[in-house]
Amino acid sequence: MLLLGLEFRLIYSTIENKGSNNSPHLHYWVNIDRVFRYETLRIPASDWVHDFAPKLGLGEYIVVEIPKGNEVIKKAWEYVRQAEVSFRNWDDKSVSAHCREAVKIIKDYVGKQIDKGDKRKWEKLKDKINEIFAAVESLSSTGLHETEIAPIRRPDAEFILYLTKLLIRYAEQVVS
């Protein structure tokens, strides 16, 4: 939502004859009126991303929509929401910490589901998923140590956040 505050200045003049036809006595007035108007404008996300952001110098974007579905792993999604708030507040270390906790929950959830379900279905994906888990855990823990080897930067936080969202969604779909 975009709130626009507009100020209009109306300039108009008035001429008045205060004399007679034989001896006109003209008075001139110039008036300025100020009119304020506020408008709320809703811009669809697709228009904002494709039309407005580039023209405002905010760069071009690729929009990736990740459906949340039924949010089977609710606690992991809660951590993602906290990570999103941290991301908006430029707290990249916090993004990393929340995503790391979400990944721990996903691993636990997936492990429990595998024990209950068809292990053959999971075996083909298990190694690949574990590699993704390891990558997210490694990236998300890098900036949390007392002596930082490689601090978490904005691109790292963004990557970890998106990867965590995809991982939760993937885990929900694969093991259900």
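This report describes salt bridges in a predicted model.

## Overview

Side chains of opposite charge can pair when their charged atoms come close. A search of the whole structure turns up seven salt bridges.

## A link between strands

Glu-7 and Arg-34 join through their side chains in a salt bridge, at 3.2 Å from N to O. This pair connects distant parts of the chain. Glu-7 sits in strand S1 (residues 2–17), and Arg-34 sits in strand S2 (residues 26–41). The two are 27 residues apart.

Glu-7 is partly exposed, at 36% relative accessibility. A network of salt bridges links Glu-7, Arg-9 and Arg-34.

## A pair in helix H2

Lys-75 and Glu-78 form a salt bridge through their side chains, with an N to O distance of 3.8 Å. Both lie in helix H2 (residues 74–88). They are three residues apart, so about one helical turn separates them.

Lys-75 has a relative accessible area of 43%, so it counts as partly exposed. Glu-78 is partly exposed too, at 36% relative accessibility.

## A pair in helix H3

Glu-101 makes a salt bridge with Lys-104. Their closest N and O atoms are 3.3 Å apart. Helix H3 (residues 92–116) holds both residues. Because Glu-101 and Lys-104 are three residues apart in this helix, about one helical turn lies between them.

Glu-101 is partly exposed, at 29% relative accessibility. Lys-104 is also partly exposed, with a relative accessible area of 37%.

Note on methods
Residues are numbered from 1 along each chain as its sequence is written. This is a predicted model: local features need pLDDT of at least 70, side-chain atom pairs count only at pLDDT 80 or more; totals for chains, interfaces and linings use all residues. Side-chain values use heavy atoms; hydrogens and water are left out. A salt bridge is a side-chain nitrogen of Lys or Arg within 4 Å of a carboxyl oxygen of Asp or Glu. Helices (H or I, at least four residues) and strands (E, at least two) are DSSP runs, numbered from the N terminus. Buried means under 20% relative accessible area, exposed over 50%, partly exposed in between (1.4 Å probe, protein chains only).
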